[in-house]
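Me: I am new to this structure and would like a close look at a single part of it. Please keep the answer in one piece.

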Amino acid sequence: MRRFFLDKCVEIGEEVMLDAEESRHMLTVLRMSAGDRLILINGSGCEMTAEILREEAGCAVLEVLSAAVSDAEPANNVVLFQGLPKAGKLDLIIQKCVELGISAIRPVSMKRCVVKPEKNDGKLARFNRISHEAAKQCLRSTVPEVYAPVKLAECDFSAFDLVLVAFEGEEKLTLKLALEKAKPDLKHNADIALVIGPEGGFDESEVEYLLASNKNAFSVSLGKRILRTETAGLAMLSMLMYELEG
Ligand code: SAH
């Protein structure tokens with residue numbers, strides 16, 4: 001069944017109207033009509049089956065038939081802190097990280113970033129649309145938020161259960177070993193931060209800052225080859241999900 005987003009919580013048996021954009025997709029692009037069934041997702045991890053009742057002023061009116069908890073969401077909350085990459089790369093990073101199960105993406109301005117963060121240029125809305133589309137396509141029931149870029153010093157890592165800094169200069173600790181060590185103490189639903197440097201890599205002072213930011217912060221190697229910044233997060237997230245979610 002097709003999936004559509006709704007921005008509120010609804011009860012079984014309730015009538016609800018979809019917003020204009022989702023309605024247009026449903027009624028005009030997909031040509032769905034009264035009697036057709038679909039899945040509604042409201043971003044809270046719950047999925048509802050609904051039926052189209054009628055069209056009102058271009059918007060679809062639906063009846064909610066049943067609700068269930070989604071099983072497409074990972075058990076842990078993983079946030080990607082991504083060193084701000086060159087134009088265009090974030091699009092790919094967002095799309096793929098959403099597919100791989102990220103919970104949120106925070107672009108971070110670092111010393112060796114080639115680009116400087118720009119404010120209010122419409123990119124943030126586009127980034128969140130990419131996340132929305134990717135979540136829909138891969139059958140997730142939450143839409144990971146993409147935040148406006150901030151400086152590394154403005155990021156608070158203190159509340160995370162684990163902070164994993166992918167550092168190309170790390171020679172001893174691999175991600176696999178770090179996870180083996182951390183896993184027995186990790187609670188179900190753990191908050192985990194992944195930190196990736198920009199194209200120019202981390203400045204040593206940034207790695208020191210990150211390792212001091214949380215008692216469970218580790219710098220880890222992702223292997224013997226140097227990955228591009230847009231590859232590193234995807235590889236790291238895939239490895240993490242493999243180890244933690246199976
Ligand atoms: N310009 C740097 C490489 C930067 S790669 C250099 O030439 O050394 C961009 C980011 O990807 C790094 O900062 C790091 O966070 C991550 N990364 C890439 N390869 C990695 C590896 N083998 N181990 C750990 N992190 C890696």
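Is R126 buried, exposed or partly exposed?

Reply: R126 is partly exposed, its relative accessible area being 31%. Buried here means under 20% relative accessible area, exposed over 50%, and partly exposed in between, with a 1.4 Å probe and protein chains only. This is a predicted model, in which local features need pLDDT of at least 70 and side-chain atom pairs count only at pLDDT 80 or more, while totals for chains, interfaces and linings use all residues. Residues are numbered from 1 along each chain as its sequence is written, and side-chain values use heavy atoms, with hydrogens and water left out.

R126 sits in helix α3, residues 123-137; a helix is a DSSP run of H or I with at least four residues, a strand a run of E with at least two, both numbered from the N terminus. The side chain of R126 makes a polar contact of 2.5 Å with the side chain of D91. Such a contact is a pair of N or O atoms within 3.5 Å; within protein, one must be able to donate a hydrogen and the other to accept it, and residues adjacent in sequence count only if both atoms are side-chain atoms. D36, by comparison, is 90 residues from R126 in sequence and 30 Å away in space, C-alpha to C-alpha.

As for the whole protein chain, its secondary structure comes to 6 helices and 12 strands. Of its 246 residues, 46% count as buried. The C-alpha atoms fill a box of roughly 60 × 40 × 30 Å, taken along the principal axes.
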